[in-house]
Amino acid sequence: MKQLLSFIRKEFHHIFRDKATVMILLLMPIIQIILFGFALSQEVKNTKVVVLSTTSDEATRRIINRIDASEYFDVVGTVHNSDEIDAAFRDGKAKLAMIFEDHFSENLKHTGKSHIQLIADATDPNAANSFMFYASNIITNYQQDISQPQSGGGMIVPEVKMLYNPQMKSAFNFVPGVLGMIMILICAMMTSIAIVREKEMGTMEILLVSPMKPMYTILSKISPYFVLSVINFATIMLLSVFVLKVPIAGSFISLFIVSLLYIFVALALGLLISTVTNSQLAAMMISGMGLMIPVMLLSGMIFPIENMPAFLRFISNFVPARWYIDAVKTIMIKGLGLGAVLKDVGVLVLMGTVLVTISLKKFKVRLE
Amino acid sequence: MYTIEVKNLYKNYYSDKSGKFAGIGKKPNTEDDSNSVPLQGLGAGISFDVNRGEIFGIIGPDGAGKTTLFRILTTLILAESGTATIDGFDVVKDYKEIRKRVGYMPGRFSLYQDLTVEENLEFFATVFNTTIEENYELIKDIYVQIEPFKKRRAGKLSGGMKQKLALSCALIHKPSVLFLDEPTTGVDPVSRKEFWGMLQKLREQGITILVSTPYMDEASLCDRIALIQNGQFLKIDTPQYIVSQFADVLWAAKSDTMHKLLEDLRKDEQVKSSFAFGDSIHITSPLNPPEGDLNSLSIDKLTKYLTKIGHKNVEIKEIEPTIEDCFMNLSQTK
């Protein structure tokens, strides 16, 4: 026991004397959260709009005002012909153009029907989709408002409700994603590098020629990263609740339990990597390429798994982050309990057990 | 019972793609006959025994197989064939037992560079289930020299001090056998001398020491030595005996043009061998020339001959052989 404690103390020395690495490890989640939260936001805000309206009347003015008043749009000007619209798009002055037909208000009043053409810059199709959706919504709302007094039945008004994330904040999606990524990075990558470093520095040779149990070596190597991961988990939670305003809808304890489980899987992965590599560079490449990319691309963090081709969907089953992110979304965003994530928990437990068994089997008591 | 018993140890791995032999020993009946001269009674792999409290030196150039041998004996790698026991424990079967009782200092400095001197020592003490205080007596002589720097990070120590720290760490659990793989490589001459002084003291405490070195001059400080080349032992004996067995006449030659001198000597058929040694060239010629051979070489004759072909200030004198001369002589007959 004393051996183990002394070994763990030594590991903390290693980490905390390497100031640069500690800073990176502790600041990384903060920077990622801020980057994803503010800089890389996929939310549509202040989309620039130009308006082409030949007749200025009440209806057009009202619609334009509503558009302008919404946080999604910013009416930057009016144009007078289609050439000017083209120019605005080309120069990047507008992402959306609204063209009201001639005598818009009159047509609406007399025939009950009028047209607005919406033209969007669809170079970013996702963004174009979203702001088109917002713009149509605003127009529909207006139409409902004015048609209410004379409502004669037979009109279907869809009431859309965005469940769990009423404001459509992208933070609800990326907070679980960042959690999944940071844990893998710190646990798997740093653990494997730390163990391989002993091999590379030759100290593993001395540790092997000693009564030190391999289990102790492993435990003490992973414990500091376990602590760091828990700290990072706390940081991300605090940031998401207080800065990004993403509340933890479900039980924090459940969330914490699932996270511990995921950390365990990630540590086991790091351990496995360390048993098959002999250089820090190789360990970094394997955990970087082999873990980061699947976590980013195949976990549902950026691209929805449902939209993937069957083959990739199959592969994604083997990415632990996929199950973790799913569980975090269920608990943190939907507010459900552990009972709702039993499948995710089961898969993670299975993965962790398999990985630990393999790496303990593969952990060499000799040099080759 | 010997402290270390090695029988027919053989291990071959190809360190590079060229397929060159790398390892120790020689398998019997290998297809490659070029180098399979049977060793004197050693058979297939290498065999040797080390007595308790003996300093046994493994002397040979880089790549001779010293580290491979050490790693097999310290249970770090497995031999392909042959057996070895340390304190009666088999290196394969009882590796856990061996790991408790040996001290090992690898060739490369293998301590934690980012830990201080004291932290390193403390760490290795706890790894071996002991404390610095418990065995302080054993390491005292060595440790007092680095104690003033105990708060310094190990990576910032000089080569000689690193060596002392590594030795302290290897000794902290009072091992019965100490394995030192090239402990003096890269260490200055003064520290090297000190280091060997420490080994003598440790031997007095009954610790068996197996030490390897590429420096031939350190051989005479061992009780017994094994000369190793290409994974094979050329000879195992006391350094004194090996020197006394030197079968040829040995001369040291000097002239103003050393490089040309070496070339000319190598061309000379009567000179058995010649190689540069420090600031002179060591020449061997057969000790007992055939009876009545008037052409047999003498210092006078050789001096005259060399002067005739243009060397100035030729100076040849008979010298006592050293281990290095023996090594060169033995390795050339192989």
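How much space lies in the second largest cavity? The second largest cavity holds about 50 Å³ of space. The model is a predicted one, and it contains three cavities of 30 Å³ or more.

**Second largest cavity**

- Its lining is made up of Leu138(B), Asp141(B), Ile142(B), Met198(B), Lys201(B), Leu202(B) and Gln205(B).
- Two helices of chain B, α4 (136-146) and α6 (189-204), each give at least two residues to this lining.
- Sorted by class, the lining residues of the second largest cavity are four nonpolar, one polar and two charged.
- Among the residues of this lining are Asp141(B) and Lys201(B), which count as charged.

**Largest cavity**

- The space in the largest cavity comes to about 80 Å³.
- The residues that line the largest cavity are His14(A), Ile15(A), Asp18(A), Thr21(A), Met190(A), Ile193(A), Ala194(A), Arg197(A) and Tyr225(A).
- In chain A, α1 (2-17) and α7 (171-201) are the elements that contribute two or more residues to the lining of the largest cavity.
- With four residues, α7(A) provides the largest share of that lining.
- The lining of the largest cavity consists of five nonpolar, two polar and two charged residues.
- Asp18(A) and Arg197(A) are among the residues lining the largest cavity, and both count as charged.

Technical notes: Residues numbered from 1 in each chain as written. Chains lettered and ligands numbered in written order. Predicted model: local features only at pLDDT ≥ 70, side-chain atom pairs only at ≥ 80, totals over all residues. Heavy atoms only, no water. 1 Å grid on protein atoms, 1.4 Å probe; cavity = no way out; pocket = protein on both sides within 12 Å on 5 of 7 lines; lining within 4 Å. Points joined across faces, edges and corners; volume = space filled by probe spheres on them.
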